[in-house]
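Good morning, and thank you for coming.

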Amino acid sequence: MILDLDKFIAKEQPVWDELERIVEEKEEGKEKTAMPLERANRFLYLYQRASSDLVRLKTFAGEADTAFYLENLIARAYRQLHMRRKRENTFRPLSWFLVSLPCTFRRHGKAFALSTALFLFGALLGALVLGLDYDQKRNLIPEQFDHLYGDPSERVAKEEAAQFDNFDSRQTFSTYLMTHNTKVAIFTAASGFLWGILTMILLFYNGIIIGVVCFDYLQAGEGVFLTAWLLPHGSFELPAIFMGGQAGLMIGRAVIGWGSDLRMTERFRLIRNDLLTILGGAAVLLIWAGLVESFLSQYHKPDFYPWKIALGLFQLVLLFAFLGYGGKRTPSRAKERKEMLPALSSPSSQGHH
Amino acid sequence: MHYKLGSRNSLTISTPDGVSFRQIIATPYARGMAALIDLLVILACNIGISIALSFVSVLGRFFADVATSLVILGFFITSVGYGIMLEWVMGGQTLGKKTFRLRVIDQRGMTLTLPQVIIRNLLRPIDLLPIYYLFGALFCFFSKNCQRLGDFAAGTVVIREARPKAPDLATLGVSGDNSFTRHPHIEARLRQQTTPEEAQLALDAIVRRDTLPPERRLALFHEMANHFRSLASFPDEVQESLSDEQYVRNVVQTLYRKSKA
């Protein structure tokens, strides 16, 4: 029992001051190297002693200000003691891209499939509506794409006759596409917070627009132009947007909590790194898609169409081969790991002596 | 005015060592003001980038194209990367948060990890809907720890970093003669029986006495004095010579008195 608060504070104040000095040094990043063991032990001791002081103060005394001061000091010390940054510095971009990305993608493959299905369903519906009532074209295509309002054949003739200029704001256009599409992918993911509903609507709506455009060009007999125009960049761009949708649906599922007894915070903790990996992967795809769309897709020379289509198909196959099979362990590596697992989980290896 | 949001305005963190400490949760107002400062900083950065690259444009058509694309890229990086970079480098703070003494922390009291920082910033667009954090503010107001949606996904909370100082008893008129000091054992019991919240309440009552109408003030101090009398009973000669308000002042002085050393 603390009978004399004044004496207690006077006795413990040097401990708190020393702890505060160490915490401040760590907060300001003055310590560039790892803390020496002796100093780390001292830090831990001071933290534990201050914690014990707080417990005593809260239990036996009503001194609000000192308790508040100690709470703050201990909170800051606790943050510094549980610094988790060092472990993260081992990020390896190549391994992340070649192994983590495809593995994570496959782990949430159902969300990607649903995302793609929603988009395709929208596309089919858009095509169907245009097929039934062509006058709806202007209502279905937003004003920002007003260059698609006209007759497809007229546009094709105009585009094929135009001179392609490599310096005609191509870099600006490609940068715009990269940043804009990345924002779209991020927004599609973020909108998953509304139980995934807004993500679904966005995918479906974008599907309608693409469906209408595709149907319009196919009906006008411009299928080759359309494929050569959209496939080179679309083979990366659309899967990237679907990955944004995949992330959005993962968020939606975490919000709803289907089939999970965990709290929402825990559900989000489990998918946090996966979300980042998928969005990071989408951003990488969109950078390439932006470059291709700006420098290649807009080049409309008929004798070049087969090359463009071939490139688009090659990219598409490559992408899905990478996402479908990339990062898988070789049979010998998997066997080796399997053999190691029982050894790791045996009681003798867990230190129960 | 005591701000009350969600179900509480502080976050209690219990560590595996058996220690519990509170962190004061930042109010939506403070967070909004900090975000406004950050927005101004981002705008200033964008203007700076535009001006700097406008000089490149005069070098020719190709360079003008490069400059425009760099401006677009710069805007994107500042708008998306500002929060990520600063919160990572400055340990959960941006310039706006630093101004208002706010800090983002892990909701379990630990430092932020990089994925947490990125996620809470990447998912900001949904909080910004439909205008300037309206959606985020609404969610913040109704959530338990005043978390916007990005905070939920990242498992973070924004706290107000208070650097508490001891109250200046001299300015509160409680530093004069205190008849309680003649009974140190009863003072000790009073300290033992009083919770930090009760002590804070008594101090608040004295600080705000002038804002209360006379009859309310009398009633409040009467109630508080009776409460403290029930916690530790001083001899009658001490009690009878003191008004209710003076009794509470003596209680505050007893509770907050520091060592002369």
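Predicted model: local features only at pLDDT ≥ 70, side-chain atom pairs only at ≥ 80, totals over all residues.

Residues are numbered from 1 along each chain as its sequence is written, while chains are lettered from A and ligands numbered from 1 in the order in which they are written.

Let us take chain A. Chain A has 14 helices and 0 strands, where helices (H or I, at least four residues) and strands (E, at least two) are DSSP runs numbered from the N terminus. The domain assignment divides chain A into domain 1 (11-88) and domain 2 (95-328); such bounds come from an automatic or database domain assignment. The C-alpha centres of these two domains of chain A lie 51 Å apart. Of the 353 residues in chain A, 37% are buried. A residue is buried if 20 or more other C-beta atoms lie within 10 Å of its own, exposed if 12 or fewer, and partly exposed in between, with C-beta atoms placed from the backbone. Among contacts in chain A between residues at least 6 apart in sequence, 82% join residues at least 24 apart. Two residues are in contact if their C-beta atoms, placed from the backbone, lie within 7 Å.

Chain B is next. Chain B has 12 helices and 4 strands, and is divided into domain 1 (10-160) and domain 2 (169-256). Between the centres of these domains of chain B, taken over C-alpha atoms, there are 45 Å. How does the radius of gyration of chain B stand against that of a compact globule of 261 residues? Chain B has 26 Å, whereas the globule would have a value near 18 Å; the radius is taken over C-alpha atoms, and the globule rule is 2.2 Å times the number of residues to the power 0.38. Along the principal axes, the C-alpha atoms of chain B fill a box of roughly 95 × 40 × 40 Å. Buried residues make up 36% of the 261 residues in chain B. Of the contacts in chain B with a separation of 6 or more, 65% involve residues 24 or more positions apart.

How do the chains meet? The contact takes 55 residues from chain A and 54 residues from chain B. On the side of chain A that touches chain B, two or more residues come from each of helix H1 (5-27), helix H2 (37-60), helix H3 (64-81), helix H4 (85-88), helix H9 (170-190) and helix H12 (264-297) of chain A. H3(A) gives the most to this side, with 11 residues. By class, this side of chain A has 29 nonpolar, 12 polar and 14 charged residues. Here Ala, Val, Leu, Ile, Met, Phe, Trp, Tyr, Cys and Pro count as nonpolar, Asp, Glu, Lys and Arg as charged, and the others, Gly among them, as polar.

I turn to the cores. A nonpolar core is a set of buried Ala, Val, Leu, Ile, Met, Phe, Trp, Tyr and Cys residues joined through C-beta atoms within 7 Å. The largest has 100 residues, of which Ala50(A), Leu70(A), Ile74(A), Ala185(A), Ala240(A) and Leu279(A) touch the most other members. Helix H11 (residues 223-256) of chain A supplies the largest share of this core, 16 residues. Beyond its neighbours within four places in sequence, Ala240(A) is in contact with residues including Asn181(A), Ala185(A) and Leu286(A). Apart from this core lies another, of 18 residues, among them Leu203(B) and Tyr247(B).

Finally, some local details. In helix H8 (residues 184-193) of chain B, the buried residues are Glu187(B), Leu190(B) and Arg191(B). They cover an arc of only 95° around the axis, so they lie on the same side of H8(B); the arc is that of the directions from the helix axis to the C-beta atoms. Helix H4 (residues 114-122) of chain B is mostly covered, with 7 of its 9 residues buried.
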